Amino acid sequence: MDLDPEGLFRDDSDSESEFYQEKDFTKEFVVYLVDASPKMFGAAGSDEDEKTDTHFHVAINCISQSLKAQIIGSSYDEVAVCFFNTKEKKNLQDLNGVYVFNVTDRECLDRPTARLIKEFFYVEDTFMSNIGSRYGIVSGSQENSLYNALWVAQALLRKGSSKSVSKRILLFTNEDDPFGSITGATKTDMIRMTLQRAKDAQDLGISIELLPLSRPDEGFNVSIFYAELLGLEGDEISHFLPSAGEKLEDMTDQLRKRMFKKRKVKTIRFSIANGICIEVNTYALIRSTSPGSIMWLDSITNLPLKTERSFVCADTGALVEEPRIYFHPYKNEIIKFSTDELSKIKKVSNGQLHLLGFKPLDCLKDYHNLRPSTFIFPTDEEVVGSTRIFIALHRSMLRLQRFALAFYGSLYRPQLVALVAQDEITGSSGQVEPPGMHMIYLPYSDDIRHVEELHMSADAIAPRATDDQIKKASALLRRIDLKDFSVCQFTNPALQRHYGILQALALGEDEMPDIKDETLPDEEGLSRPGIVRALQEFKISVYGENYDQEEANAAAAKGCGSEASRKRKAMAETAARESASYDWADLAENGKLKDLTVVELKYYLTAHNLPVTGKKEALISRILTHLGK
């Protein structure tokens with residue numbers, strides 16, 4: 001059987017050249033093209049609907065929300081907003097029917113600013129008086145505003161290299177036949193010119209995406225014109241409108257979160273056996289998001305400040321130009337280390353992955369996974385044949401139900417890792433999960449706490465649930481089970497509030513955006529009769545019928561206080577007993593306190609009711625002060 005490693009580990013969307021060298025786009029340039037024809041100002045809903053927002057308002061609101069999310073998600077991306085089918089014109093090419101919206105002190109294609117977001121949000125109020133609306137493609141005229149808009153957008157996206165920048169044009173319109181008012185050879189010629197202009201943009205690496213806007217009673221027929229412009233064929237046409245509707249909804253209701261592009265972290269060598277060494281790429285999967293770091297700004301220019309640090313000699317007051325030298329006191333001597341020597345001392349390995357052996361999958365427990373795993377995938381960029389060897393190993397691990405135990409030697413923190421093979425998972429829409437391996441970081445022995453340690457004493461009796469309690473708990477869990485649960489379904493309320501405050505300050509908003517805390521209990525769902533009954537039965541089975549929660553809380557608080565005082569008393573007695581075995585005056589006189597451990601020093605401090613916080617030097621100084629040395 002012929003082995004096709006490239007075909008097995010390639011996504012359906014990957015081309016032949018992209019498989020060996022994936023494009024790592026560092027930024028994204030987007031041009032929003034908004035149709036401003038009179039038809040866009042019609043009601044978006046049906047006549048019976050109370051909501052009377054226009055299609056133009058929907059497009060403006062969608063772009064506004066997208067710009068706000070972009071400030072947080074990918075602040076280095078650059079955008080431009082362009083209206084077509086307008087009365088006024090404003091573009092470098094001086095083409096009719098196209099108006100590039102911008103604010104002062106900003107390039108047409110640039111990073112979004114607070115001023116751009118504020119003025120664009122209210123552009124609808126003054127649009128008719130300042131810019132105006134008209135049909136740019138009319139019978140008896142050679143004007144073609146859609147052609148002009150694509151030309152202007154392509155010119156805006158000339159900035160940056162297509163090798164490092166992803167370029168897109170997002171087109172908002174509710175007109176599925178922009179050339180419907182024209183007939184004959186003129187229409188054919190306009191369609192041909194517009195399609196050729198779109199093809200020229202796509203040949204330059206610019207993708208064109210359509211976001212159709214339509215009323216429920218008026219479907220948007222993609223087949224009339226835009227299917228050919230977007231290159232849709234067969235089933236893609238029927239699947240286009242649902243996917244476009246989801247994309248439009250996602251842009252309107254985007255979460256405030258930082259976006260991490262699919263980009264490899266680094267490339268490492270994977271040593272297998274007998275000198276066989278392959279190359280793999282590592283990818284970060286789910287990572288928790290935290291607020292951005294504090295940035296110091298100049299009080300006048302509001303520009304970021306650059307921090308510089310210099311060392312001044314305490315004796316001469318001159319700047320120290322020589323490289324720093326570290327030292328460590330040892331037996332009344334100063335041992336000096338250079339920066340290179342210190343790096344060599346700390347370095348344990350060369351940062352590679354070494355295979356040690358294999359174990360059954362049931363030996364790997366859930367509690368062994370202490371932090372997010374890393375996904376590894378083969379690459380043939382440097383070591384040809386890596387993909388073939390990786391596939392052979394991957395298939396064998398899946399067939400034999402084994403995981404690989406390996407040593408991952410990061411420079412300063414080596415540890416054991418488990419490599420778990422993952423088979424490809426496909427769905428109706430294509431690939432859901434790619435094939436590869438997950439590198440799970442295994443814990444050290446000190447990281448595992450055994451529950452049995454709580455019941456080590458001979459007289460301790462571990463509490464055991466009765467059969468009735470287990471039955472009632474199982475019934476309750478079945479009632480409140482979340483179907484298709486995913487951690488991605490819930491947002492961090494503190495982080496959302498943080499970003500909401502930043503948005504209100506930047507845009508000068510009087511009110512804070514409403515932040516929905518999705519981590520709070522679902523009171524409406526928990527109040528359903530079936531759940532209430534199951535919860536009450538479980539409570540009775542565990543606590544009995546006459547259980548009083550308030551009395552139990554008061555007794556527990558009193559018990560915790562007495563237990564804490566007993567522990568403090570026991571610790572003081574132990575410290576006094578251990579401290580009596582040392583001659584502290586002699587140790588202080590001969591300078592031997594530094595030879596004791598921190599735990600031993602704390603015996604003296606605890607026995608004499610002194611603070612035990614701080615580093616070892618602080619503890620020694622505190623003891624010497626107490627002894628009067």
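Which residue takes a positive phi in the hairpin of β8 and β9? In this predicted model, Lys331 does, with phi near 50 degrees. Elsewhere in the chain, seven strands close into a barrel with mixed pairing, and a stretch listed by UniProt as a SAP domain covers residues 593-627.

- Strand β8 spans residues 326-330 and strand β9 spans residues 333-337.
- The two strands run antiparallel and are joined by five bridges.
- Pro329 has Ile334 in β9 as its bridge partner.
- Two residues lie between the strands of this hairpin.

**Barrel**
- The strand order around the barrel is β6-β7-β11-β16-β13-β12-β10.
- From one strand to the next, the twist averages 40 degrees.
- Strand β6 (residues 264-271) and strand β10 (residues 353-360) run parallel, with two bridges between them.
- Phe270 stands opposite Leu353 in β10.
- Strands of a sheet pair through backbone hydrogen bonds, in either a parallel or an antiparallel arrangement.

**Helix across the barrel strands**
- Helix α11, residues 386-400, lies across β6, β7, β10, β11, β12, β13 and β16.
- The helix runs at about 70 degrees to β16, which covers residues 436-441.
- Among the other strands it lies across, β7 covers 277-284, β11 covers 374-378, β12 covers 402-408 and β13 covers 415-422.

**Annotated SAP domain**
- The UniProt entry that lists "domain: SAP" at residues 593-627 is unreviewed.
- In the model, residues 593-627 are 63% helix and 0% strand.
- The end C-alpha atoms of this stretch are 12 Å apart.

Notes
Residues are numbered from 1 along each chain as its sequence is written. This is a predicted model: local features need pLDDT of at least 70, side-chain atom pairs count only at pLDDT 80 or more; totals for chains, interfaces and linings use all residues. Side-chain values use heavy atoms; hydrogens and water are left out. Two strands pair if DSSP finds at least two bridges between them. Helices (H or I, at least four residues) and strands (E, at least two) are DSSP runs, numbered from the N terminus. Axes are lines fitted to C-alpha atoms, for helices over the stretch in contact, and angles run from 0 to 180 degrees between N-to-C directions. Contact means heavy atoms within 4.5 Å. UniProt positions are given in the numbering used here, feature names are shortened, and annotations may be inferred rather than shown by experiment.
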